[in-house]
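User: I would like to go through this model feature by feature. Please give the general idea each time, and then the case at hand.

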Amino acid sequence: MRDWKNNLQKTRYVMDVLLFVIFLLVSAPQATGVPGHEWLSLFFIVPFVIHLLLHWDWIKQSAKRLFSSISLREKFNTVWNYLLYVIMLLATVSGFLVSVALLPSLSITVDIQDFWSKVHHDFSTLIMPMLGVHLALHWHWIINVSKRMFGKGVTS
Ligand code: HEM
Ligand code: HEM
């Protein structure tokens with residue numbers, strides 16, 4: 001049982017690192033070029049969905065727990081996760097609506113409107129500080145599992 005839990009934590013850790021690295025690349029279209037940005041963003045959906053699936057139990061119970069007697073910090077964390085999800089969704093959907101490479105390469109033409117460019121710019125900019133808070137809320141977990149992953153003498 002303990003081994004299984006350890007393995008789950010390790011899987012989450014590796015997936016979180018992967019998610020973070022791809023997120024950094026997605027957030028820098030100046031470095032990847034816009035076509036690279038669009039394809040990377042499409043690929044980003046995979047580790048993102050895995051991130052949610054690896055916390056599926058938590059997600060299923062979160063709405064019910066929000067109205068139970070959990071700490072204020074845990075309530076804040078839950079609301080923050082919901083907000084993060086909505087903002088991530090808006091950034092991704094608006095991204096597709098301003099696509100100049102990915103959709104055209106699939107012969108799908110979109111009539112790009114300034115409104116969606118602004119939505120994409122504003123929400124993708126907002127994700128960064130929001131993600132910073134998300135990571136800060138899990139800081140202890142990050143430090144503890146990092147120590148277990150890289151610590152000397154840890155075998156499982
Ligand atoms: C984009 C980069 C992201 C990174 C690097 C990241 C990282 C993390 C970390 C380190 C944890 C705690 C450890 C764990 O159990 O995995 C966590 C938990 C969680 N994350 Fe993320 N996350 C990201 C995006 C998101 C987004 C956009 C959502 C939107 C819903 C989200 C939802 C959750 C949930 C539901 C949990 C578990 C529940 C909790 O303890 O809060 N994450 N994430
Ligand atoms: C998590 C998802 C995404 C994030 C965090 C993100 C982030 C960004 C950022 C930071 C910029 C620069 C904005 C600026 O300086 O105005 C940008 C531009 C752009 N993104 Fe994304 N993006 C995401 C998804 C997508 C997707 C899925 C597509 C299309 C398939 C896309 C297409 C574009 C295009 C065409 C631009 C340049 C034109 C413009 O800003 O209107 N993005 N994105």
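User: In which hand, left or right, does α5 pass α7 in their crossing?

Analyst: A crossing is left-handed if the near helix is turned anticlockwise from the far one by less than a right angle, and right-handed if clockwise. Here α5 passes α7 in a left-handed crossing. Before going on, note that this is a predicted model, in which local features need pLDDT of at least 70, side-chain atom pairs count only at pLDDT 80 or more, and totals for chains, interfaces and linings use all residues. Residues are numbered from 1 along each chain as its sequence is written, while chains are lettered from A and ligands numbered from 1 in the order in which they are written.

User: At what angle do α5 and α7 pack, and how far apart are their axes?

Analyst: Axes are lines fitted to C-alpha atoms, for helices over the stretch in contact, and angles run from 0 to 180 degrees between N-to-C directions. The angle between α5 and α7 is about 150 degrees, and their axes are 8 Å apart. Angles under 35 degrees count as roughly parallel, over 145 as roughly antiparallel, 65 to 115 as roughly perpendicular and the rest as oblique. The pair α5 and α7 is therefore roughly antiparallel.

User: How many helices and strands does the chain have?

Analyst: Helices (H or I, at least four residues) and strands (E, at least two) are DSSP runs, numbered from the N terminus. The chain has eight helices and zero strands, so its elements read α-α-α-α-α-α-α-α from the N terminus on. Along the principal axes, its C-alpha atoms fill a box of roughly 55 × 40 × 25 Å.

User: What span should α8 have, and what does the model give?

Analyst: The expected span of a helix is 1.5 Å times one less than its number of residues. For the twelve residues of α8 that comes to 16 Å, and the end C-alpha atoms are 16 Å apart, which agrees. In α3, with 20 residues, the distance from the first C-alpha to the last is 29 Å, close to the 28 Å expected.

User: How many residues of α8 are buried?

Analyst: A residue is buried if 20 or more other C-beta atoms lie within 10 Å of its own, exposed if 12 or fewer, and partly exposed in between, with C-beta atoms placed from the backbone. The count for α8 is zero, and this helix is hardly covered. In α3, by contrast, His37, Glu38 and Ser41 are buried. Over the 156 residues of the chain, 9% count as buried.

User: Why does Ala63 count as exposed?

Analyst: Ala63 is placed in helix α4, and it counts as exposed because it has 10 C-beta neighbours inside 10 Å. Met15, in helix α1, is partly exposed because 16 other C-beta atoms lie within 10 Å.

User: Which residues come nearest to ligand 2?

Analyst: A residue is near a molecule if its C-beta atom, placed from the backbone, lies within 6 Å of it. Of the 22 residues around ligand 2, the nearest are Ser41, Gly95, Ser117, His121 and Ser124. Helices α3, α5 and α7 each supply at least two residues of this shell. One of the nearest residues, His121, is in helix α7 and is partly exposed because 13 other C-beta atoms lie within 10 Å.

User: How do the residues around ligand 2 divide by class?

Analyst: Ala, Val, Leu, Ile, Met, Phe, Trp, Tyr, Cys and Pro count as nonpolar, Asp, Glu, Lys and Arg as charged, and the others, Gly among them, as polar. The shell around ligand 2 has eleven nonpolar, ten polar and one charged.

User: Which residues come nearest to ligand 1, and which elements give two or more to its shell?

Analyst: Of the 20 residues around ligand 1, Arg12, Phe20, His55, Tyr85 and His138 come nearest. The elements giving two or more are α1, α4, α5, α7 and α8. By class, this shell has twelve nonpolar, six polar and two charged residues.
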